[in-house]
Amino acid sequence: MFGNNKEIVKFVNKWASEPKKDPEIEQKISSLEKAYGVSFPSKYLSLIREANPIYCPNLLDYISDNDIGIYDVQEFIDPLKIKEETDKYINEGMPTGFIGFASDCMGNMFCFKYDELKEKKEAKIYIFDHDFCEISEEADSFSKWIKKFNSI
């Protein structure tokens, strides 16, 4: 089901609750990329092509039970809802120039930086903490971010 990407397979098998393929994912990806005029990272696209939606409640339990000091990722946002969710967070204080794609259990938003996507760079992962209206870097790339969860 999950192709040849070992890190994606490991993440989905280890953390995703009842993963399933989305038969409309290619249309959703196309709409998302047209809405922003950018291409999203290939590893991110691989993940959502293989499992959408992705909900990871066991990750929080593991992080909490083992007192690991990292943000959990609870849910990856369906590509058709990304623009709406991003706009909602911008209205609540998130800086413009970021595109949310997933959230943690506390409602914080994991994001890509628009400029990095536009320049076709390896986009870093950022997190917007909605309680403090602060954004900070989480990982140098989507791959490294996924590997962080796979290593625990």
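**Helix packing and two residues in a predicted model**

Biologist: Which hand does the crossing of α1 and α7 have?
Modeller: The crossing of α1 and α7 is left-handed. Please note that this is a predicted model.

Biologist: Which residues make that contact?
Modeller: From α1, the contact involves Glu-7, Ile-8, Lys-10, Phe-11, Lys-14 and Trp-15.

Biologist: How do the residues of the contact of α1 with α7 divide into nonpolar, polar and charged?
Modeller: Six are nonpolar, one is polar and four are charged.

Biologist: And at what angle do the two helices pack, and how far apart are their axes?
Modeller: Helix α1, residues 6–15, packs against helix α7, residues 142–150, at an angle of about 40°. Their axes are 9 Å apart. The arrangement of α1 relative to α7 is therefore oblique.

Biologist: Turning to α2 and α3, at what angle do their axes cross?
Modeller: The axes of α2, residues 25–36, and α3 cross at roughly 145° and come within 10 Å.

Biologist: Is that crossing left-handed or right-handed?
Modeller: The crossing of α2 and α3 is right-handed.

Biologist: Which residues make the contact there?
Modeller: Helix α2 contributes Ile-25, Glu-26, Ile-29 and Glu-33, while α3 contributes Leu-45, Ile-48 and Arg-49. By class, four residues of this contact are nonpolar, three are charged and none is polar.

Biologist: A change of topic: where is Asn-52 found?
Modeller: Asn-52 lies in the loop between α3, which spans 42–50, and β1, which spans 54–55.

Biologist: Is Asn-52 buried or exposed, and why?
Modeller: Asn-52 counts as buried because its relative accessibility is 3%, and the cut-off for buried is under 20%.

Biologist: What does Asn-52 touch?
Modeller: Leaving aside residues up to four places away in sequence, Asn-52 touches Lys-20, Lys-21, Asp-22, Ile-25, Lys-28, Asp-78 and Pro-79. Among these, Ile-25 also belongs to the α2 side of the contact with α3.

Biologist: Which residue has a side chain in polar contact with that of Asn-52?
Modeller: The side chain of Asp-78 does, at 3.2 Å.

Biologist: Why does Asp-61 count as partly exposed?
Modeller: Asp-61 has a relative accessible area of 42%, so it is classed as partly exposed. The range for that class runs between under 20% for buried and over 50% for exposed.

Biologist: What separates the C-alpha atoms of Asp-61 and Asp-72?
Modeller: These C-alpha atoms are separated by 9.1 Å, and the two residues are eleven residues apart along the chain.

Terms used. Residues numbered from 1 in each chain as written. Predicted model: local features only at pLDDT ≥ 70, side-chain atom pairs only at ≥ 80, totals over all residues. Heavy atoms only, no water. Helix = DSSP H or I, 4+ residues; strand = E, 2+ residues; numbered from the N terminus. Buried < 20%, exposed > 50% of the residue type's maximum accessible area, 1.4 Å probe, protein only. Polar contact = N/O pair within 3.5 Å; in protein donor to acceptor, adjacent residues only side chain to side chain. Contact = heavy atoms within 4.5 Å. Axes fitted to C-alpha atoms, helices over the stretch in contact; angles between N-to-C directions. Parallel < 35°, antiparallel > 145°, perpendicular 65-115°, else oblique. Left-handed = near helix turned anticlockwise from the far one by under 90°. Nonpolar A, V, L, I, M, F, W, Y, C, P; charged D, E, K, R; others polar.
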